[in-house]
Amino acid sequence: MSLQGKHRILMVSDFFYPNFGGVENHIYYLSQCLMKLGHKVIVMTHAYGNRSGVRYMTGGLKVYYVPWKPFLLQNTLPTFYGTLPIIRTILIRERITLVHGHQAFSTLCHEALMHARTMGYKVVFTDHSLYGFADVGSIHMNKVLQFTLADVSQAICVSHTSKENTVLRSGLPPERVFVIPNAVDTAMFKPAPVRLSNHEIVIVVISRLVYRKGADLLVEVIPEVCRLHQNVRFIVGGDGPKRVRLEEMREKHSLQDRVDMLGAVPHAKVQSVLVTGHIFLNSSLTEAFCIAILEAASCGLLTVSTRVGGIPEVLPDDIIVLAEPDPNDMVMAITKAIDLLPQIDTEEMHNRIKKLYSWHNVAKRTEIVYDRALKCSNQSLIDRLPRYLSCGAWAGKHFCMVMIIDFLLWRLLQLWQPDRNVEVVPDSNLTSGIWVQMRMRYNW
Amino acid sequence: MDEAPIITKGRYTYVHDVRIGSPEAIDVHHISISRSVTDFLSLCSYALRLAAACFPIFALMQKTMSVYDLLMLDKPVAIVFWSFVVAGLLIRQILRKQVKKESVIILPAFGVQLETVYRSGKTVHQFVPIDKILKSVLNECVTPVTCYWSLSLIIRGEDELLLAFKGLYPPITMLVPIWKALCAAIDDKKGADIPSDCDNR
């Protein structure tokens, strides 16, 4: 029996633990904080290798690793209707009241939201990244997003820039989009207990070494900074296709003793790498919101970053130096940051970030979005179809056909396996024992 | 002996039997599945469809094949007849593999016997000594299309769980009393044993 005002939420995404990343961490921390607020949260994702079936994480967070194999970039194979039976089973057996999908690039998320809407559940969608408009991949994805968001109850974006981007891509009315920024676990990201000496300045870079994260900019910036400032050293953590270019740069300018390449850094070790530096350098070419700079600021590092996407919204102006994504501008920004270093108090910066960002705050704001979503009226298929028709001359009719077929398949499934035949899982509180709860429920 | 409690849900029936045995009573749990009308109808429709699939195969068989003359496949009546025969044989094979009843027999301080009875009458037994059972668990199994509960035994030294019900998918209301009984039997045994630290893993 759920408590008054408390929701039973199904988080769906292709991206979850054991993968580490922005979306994965967001889902995990948000789920933990929502559970602390008294809501019930279940996560659904695809199987990762042997990790398949039901797993429980900290605090009793139940995760369904559905055995659908990923086919491209961690995404489940899109079959349109293939996931309808398992999603219906999970929604009924866990008595879900609301479905929350994450990340526009996740096929499982789009399918889950489509099926949930067909079955009459309220859905919320969170977009975590910025996407383009011009290339073929983006055009296709924007159309899929338009389809999913045509009938979503509410949407959440992680920054105002991201909200603009999502509204333009999907045609969603801006009133239905909320902005709830990400947060950082300040208990984990603490500054070094002993303040580092300013005799040698250490600049830390931790990111995936790919084009999107500006690895090519680093190749230009690092030698120039090393030339201008003799007391500067770089620590580069992360791996990717552009690592080779950085290694070549290091060889070419003989910077082996001034540039350390650490390779991939596990998420648990990121804090220990960050506290060895004074400045954090982020050279991304596009970011909806950059959790990395938040983690660095929480550890007391002064941040130098490219002024792209939602980055200017993340940190106060006195603890970040912004530059255009141009090597010369970035070198000037690093010089400015080095001059600002003596004024930085790491503990004070950490405390500020602690006050500004917390996952509990994100959970409370998300709860408000859920309450709004549940207040939306229930609409039948006939009332919902006009929203799809407005998606485009040809696409609109296509989307309507997809939804009608989904509805018919759902009805067939209900005839074949009625809702009452799907067994409901009893509420379990791992601290008090799942089996005690089951005995009470089933009366023996 | 107490009246055997019976739970019926859908097509599944659970019967709990306690037999007088030595030195303690033997706990028997049966779960059986009944045939339904829809089952019979779907079987007929399968048979018809299989027969229809066989028509073109027989019709296209070459005159040069020796069986062609033997089975008189140049006549349409013969093609229809043999199609139904083949379909009937295939259906019979499928029916033989269907499970009619599965039982869990708990012999306290001795072991657990798992029995599977098929529609063809064949019975398969599997005995697990009580020392080899670490724990009995109720698991949620997730497949690409559904999710269901299963009762399994964790066996010492084995990587995989041993399913108590291999052919049937009984509802959780029937699995829980069996699970309780198994846990009680395993705990009793553990309590009676002198604790040893020989863990062979």
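How much of the chain over residues 46-135 of chain A is helix and how much is strand? Over this stretch, chain A is 24% helix and 31% strand. The model is predicted.

**Annotated stretch of chain A**
- The UniProt record, an unreviewed entry, gives residues 46-135 of chain A the annotation "domain: PIGA GPI anchor biosynthesis".

**Helix 10 of chain A**
- Helix 10 of chain A spans residues 327-340, which is 14 residues.
- From first to last C-alpha, helix 10 of chain A reaches 20 Å, close to the 20 Å expected at 1.5 Å a residue.
- Buried residues in helix 10 of chain A are A:M330, A:V331, A:A333, A:I334, A:A337 and A:I338.
- Seen down the axis of helix 10 of chain A, the buried residues fall within an arc of 160°, so they line one face of the helix.
- A:N328, A:M332 and A:D339 are exposed on the other side of helix 10 of chain A.
- The buried residues of helix 10 of chain A pack against several elements of chain A, among them helix 6 (215-228), strand 11 (201-206) and strand 12 (232-237).

**Strands of chain B**
- Strand 1 (residues 6-9) and strand 2 (residues 12-19) of chain B pair in the antiparallel sense over 4 bridges.
- B:I7 has B:Y14, in strand 2 of chain B, as its bridge partner.
- Strands 1 and 2 of chain B form a hairpin with 2 residues between them.
- In the turn of this hairpin, B:G10 has a positive phi of about 65°.
- Strand 2 of chain B is also joined by 8 bridges to strand 3 (residues 26-33) of chain B, and the two run antiparallel.
- B:R19 stands opposite B:I26 of strand 3 of chain B.

Technical notes:
Residues numbered from 1 in each chain as written. Chains lettered and ligands numbered in written order. Predicted model: local features only at pLDDT ≥ 70, side-chain atom pairs only at ≥ 80, totals over all residues. Heavy atoms only, no water. Pairing = 2+ DSSP bridges. UniProt positions renumbered as here; feature names shortened; annotations may be inferred. Expected span 1.5 Å × (residues − 1). Buried < 20%, exposed > 50% of the residue type's maximum accessible area, 1.4 Å probe, protein only. Arc of directions from axis to C-beta. Contact = heavy atoms within 4.5 Å.
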